[in-house]
Amino acid sequence: MGSDIVEIGINGIKLVLIFLMMVQAVPILVWVERRGSAFIQNRLGPNRVGPLGLLQLLADAVKFLTKEEFVPAKGVPFLYYMAPIFALVPGAVAFSAIPMATPLLIDRFELFGQMWGPYTILFQGYEIGVGVVFVLGISSLATYSILMAGWGSGNKYSLLGALRASAQIISYELALGLSIVGVLLLNGSFNFGEIIAAQQGPLAFTFIGHTVTVPFLPNWGVFYQPIGALLFLTACFAESNRLPFDLAEGEAELVAGFHVEYGGFKMLLFFIGEYGHMIVGSSMFIALFLGGYHFPFPGITPEVLRYYATELGYGPQGVSIFTALILFLSFFVKLALLLWFFIWVRWTLPRFRYDQLMDLGWKTMLPWALANTIITAIVIQISKI
Amino acid sequence: MPLGGVIFLFIFISAFGALLLFIANRIGNRIKSVSDVKSAPYECGIPGIDKKDTKISVKFYLTAILFILFDIEIIFMYPWALTFKDFISNSMGWYSLLCMGFFLLVFIFGLVWEVKSKALEWE
């Protein structure tokens, strides 16, 4: 985590902040979801508590806290309590591996009578060389919390919901894993930093000896891999158990699926886990296909921002902070738009039937992802991008 | 060394979740005794039968096995995807593509066979 005690401390605080940021995003997302769904359905939604109903979440939290607690009679207490705790883990651990902006440089400073630094603090939890594989692996751990909840509750509805959810998640993991092979072929790297750096500037590629440049479009992966991007996004919906793929919950048949026996704060932790999954899926989509933290205008590169910051008279530390904050804003706006897309889709599309869901995953998305991979490889070989 | 960060975050989140559950447990309304009816698993009003190990459709088992096979095959494609450009720059791109083609043929054959044998049909 660092070379000396201060750097380790800074990195530890950063990790905690990233986690708390994710936890804090959940009430806001719940509010957006409730208000957004209300407006989509021509209702008002929560608007009584506080301005625009924003304080509804605080009221909800108090309500959650004062719910009574017990383990269902046929449940397994250890698994029953472990499941919501473990539901929190994959989202935050995977999200921390995704870079949100360029690194911060911190000059030498004095603390406790000693000189410390200079440090380079990454604008991400930790940099992992095989980041793509790490995020895929960690986010698939969510299956365990679902299965623990299903078995630990000692209820048939829970068990069936958990089995459905895990079968669905592992089926779509195939399409998810295969849809990014095209990106890996193009970039030749598992590292998010390198993949994002390759998406900088205007759209430019070599096609059979001709260099093509489109000055008004950014060099994003989505223009090279449109089918891969579509498959990846669809699989993300299924991975996070969101409508139109929320068969795990399926209110009509399974009441609430794997969390039917949960209430109060335990339920809230599952919610945080689900939204965490959405955030991880969206940020990975941004990193692989939407240029990461780069601006959609190809003219504004980190170098240009650094140049402007230097012109404004900042030192190296100020320049790095200025650049990182502005790039983080770009990342944040993309993330917010994608999360809104998740919510929008949820209240627009109806639910799939279970056999349709499995057919879509195995018989439609898997062959398309395979075809996408093969065609990408042949095109790369022919055009020598 | 990123592993330290991963382990730290893992432990921190687990502790955070456990603390939240503990606080909720302390603050939440205390009930004197949980009656049998109250703590019974959720049902539509009828008494539950004490039998949890209900029979599950074998399709779930089949799906899990097929997932393992196909996931491993997909994982094998990752190193190839990573090194494909190196092969091209050594002008061995077609060779690499051909080798992967044989592997993909097995993959596609498996998928077609699986669909033909109705392993993926859910009634």
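The following dialogue shows how several features of this predicted model may be read.

User: What ipTM and pTM does the model score?

Analyst: This is a predicted model, and its scores are ipTM 0.86 and pTM 0.90. Confidence is also given for each residue, on a scale from 0 to 100. In chain A the average pLDDT is 85, and 97% of the residues score at least 70. For chain B the mean is 83, with 90% of its residues at 70 or more.

User: Which elements of chain A have the lowest and the highest mean pLDDT?

Analyst: Among the elements of chain A, helix α11 (residues 251-254) has the lowest mean, 63, whereas helix α10 (residues 226-239) has the highest, 90.

User: Is Gly281(A) buried or exposed?

Analyst: The general idea is to count C-beta atoms around a residue, and 20 or more within 10 Å make it buried. Gly281(A) has 28 other C-beta atoms within 10 Å, and is therefore buried. Gly281(A) belongs to helix α12 of chain A. Apart from residues within four places in sequence, its contacts are Cys236(A), Glu239(A) and Ser240(A).

User: Why does Leu217(A) count as partly exposed?

Analyst: Partly exposed residues fall between the two cut-offs, 12 or fewer for exposed and 20 or more for buried. Leu217(A) is partly exposed because 14 other C-beta atoms lie within 10 Å. Leu217(A) sits in strand β6 (residues 210-218) of chain A. Not counting residues up to four places away in sequence, Leu217(A) touches Pro202(A), Leu203(A) and Phe223(A).

User: How far apart are Trp340(A) and Gly36(A) in sequence and in space?

Analyst: Trp340(A) and Gly36(A) are 304 residues apart in sequence, and their C-alpha atoms are 8.8 Å apart in space. Two further pairs can be read in this way. Gly281(A) and Ile28(A) are separated by 253 residues in sequence and by 18 Å from C-alpha to C-alpha. For Leu217(A) and Ser383(A), the values are 166 residues and 20 Å. As for its setting, Trp340(A) lies in helix α14 (residues 316-346) of chain A. Trp340(A) counts as partly exposed, because it has 15 C-beta neighbours inside 10 Å.

User: How many residues of chain A are in contact with chain B?

Analyst: An interface may be described by its residues, its elements and its classes. Here 66 residues of chain A are in contact with 54 residues of chain B. The elements giving two or more residues to this side of chain A are α1 (5-40), α3 (77-95), α6 (156-179), α7 (181-187), α12 and α15 (354-383). Of these, α15(A) gives the most, with 13 residues. By class, the side of chain A that touches chain B has 42 nonpolar, twelve polar and twelve charged residues.

User: At what angle do the axes of α15(A) and α4(B) cross?

Analyst: An angle over 145 degrees counts as roughly antiparallel. The axes of α15(A) and helix α4 (residues 93-116) of chain B come within 11 Å and cross at roughly 170°. The two helices are therefore roughly antiparallel. Residues making the contact include Leu366(A), Leu370(A) and Ile374(A) of α15(A), and Trp94(B), Leu104(B) and Ile108(B) of α4(B). The residues of this contact divide into twelve nonpolar, two polar and one charged.

User: Where is Asn42(A) found, and what is its phi?

Analyst: Most residues other than glycine have a negative phi. Asn42(A) has a positive phi, near 60°. Asn42(A) is in the loop between α1 and α2 (56-65) of chain A, and is exposed because it has 6 C-beta neighbours inside 10 Å. In chain B, Ser91(B) has a positive phi of about 45° and is not a glycine. Ser91(B) lies in the loop between α3 (58-89) and α4 of chain B. With 9 C-beta neighbours inside 10 Å, Ser91(B) also counts as exposed.

Notes:
Residues are numbered from 1 along each chain as its sequence is written. Chains are lettered from A and ligands numbered from 1 in the order in which they are written. This is a predicted model: local features need pLDDT of at least 70, side-chain atom pairs count only at pLDDT 80 or more; totals for chains, interfaces and linings use all residues. Two residues are in contact if their C-beta atoms, placed from the backbone, lie within 7 Å. Helices (H or I, at least four residues) and strands (E, at least two) are DSSP runs, numbered from the N terminus. Ala, Val, Leu, Ile, Met, Phe, Trp, Tyr, Cys and Pro count as nonpolar, Asp, Glu, Lys and Arg as charged, and the others, Gly among them, as polar. Axes are lines fitted to C-alpha atoms, for helices over the stretch in contact, and angles run from 0 to 180 degrees between N-to-C directions. Angles under 35 degrees count as roughly parallel, over 145 as roughly antiparallel, 65 to 115 as roughly perpendicular and the rest as oblique. pLDDT is the predictor's confidence in each residue, from 0 to 100.
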